[in-house]
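Colleague: I have a new model open, and I would like to learn how to read its features one by one. Could you walk me through them?

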Amino acid sequence: MGGDHGESVKYNGMALHRPKRWHTVTGKGLCAVMWFWVLYRAKQDGPVVLGWRHPWEGHDDHGHGHDH
C-alpha cells in the first residue's frame, strides 16, 4: 500500500506511521472544545433531556420583567 516514509510501527504486516506533533495537539484541542460544548449544553438542556422539565415550561431565569 503506502511507501515506507519516516518512523513507523509494524502491526500485522501493516506500517502504522506515528502522527506529527501538530496532529496530536490539534486533536486534543478539538477534543477539549467538543467536551466543553457538550458540558455547556448539558448544563443548559440537561433537565429537559432527562425528563425533569418540559421544554415549553421556560427557563425561569431570564428576568425580562414579564408579569403574567
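Modeller: Happy to. Helices here are DSSP runs of H or I with at least four residues, strands are E runs of at least two, and both are numbered from the N terminus.

Colleague: What should I know about the model itself?

Modeller: It is predicted, so local features need pLDDT of at least 70 and side-chain atom pairs count only at pLDDT 80 or more, while totals for chains, interfaces and linings use all residues. Residues are numbered from 1 along each chain as its sequence is written, and side-chain values use heavy atoms, leaving out hydrogens and water.

Colleague: Which pattern does the chain follow along the sequence?

Modeller: The pattern is β-β-α, with 1 helix and 2 strands.

Colleague: How do I read the strand pairing?

Modeller: Two strands pair if DSSP finds at least two bridges between them. Here strand 1 (residues 8–11) and strand 2 (residues 14–17) run antiparallel and are joined by 4 bridges. Lys 10, for instance, has Ala 15 in strand 2 as its bridge partner. The hairpin has 2 residues between the strands, and Asn 12 takes a positive phi near 50°.

Colleague: And where does helix 1 bend?

Modeller: A bend is the angle between axes fitted to the seven residues ending at a residue and the seven starting there. Helix 1 (residues 21–49) has a kink of about 55° at Lys 43, shortly before the proline Pro 47.

Colleague: How many salt bridges are there?

Modeller: The rule asks for a side-chain nitrogen of Lys or Arg within 4 Å of a carboxyl oxygen of Asp or Glu, and the count is 1 salt bridge. Arg 41 pairs with Asp 45, with the closest N and O atoms 2.4 Å apart. Both lie in helix 1, 4 residues apart, about one turn of the helix. An α-helix has 3.6 residues a turn, so residues three or four places apart point the same way.

Colleague: What about Leu 39?

Modeller: Leu 39, in helix 1, counts as exposed because its relative accessibility is 54%. Across the 68 residues of the chain, 3% count as buried.

Notes
Buried means under 20% relative accessible area, exposed over 50%, partly exposed in between (1.4 Å probe, protein chains only).
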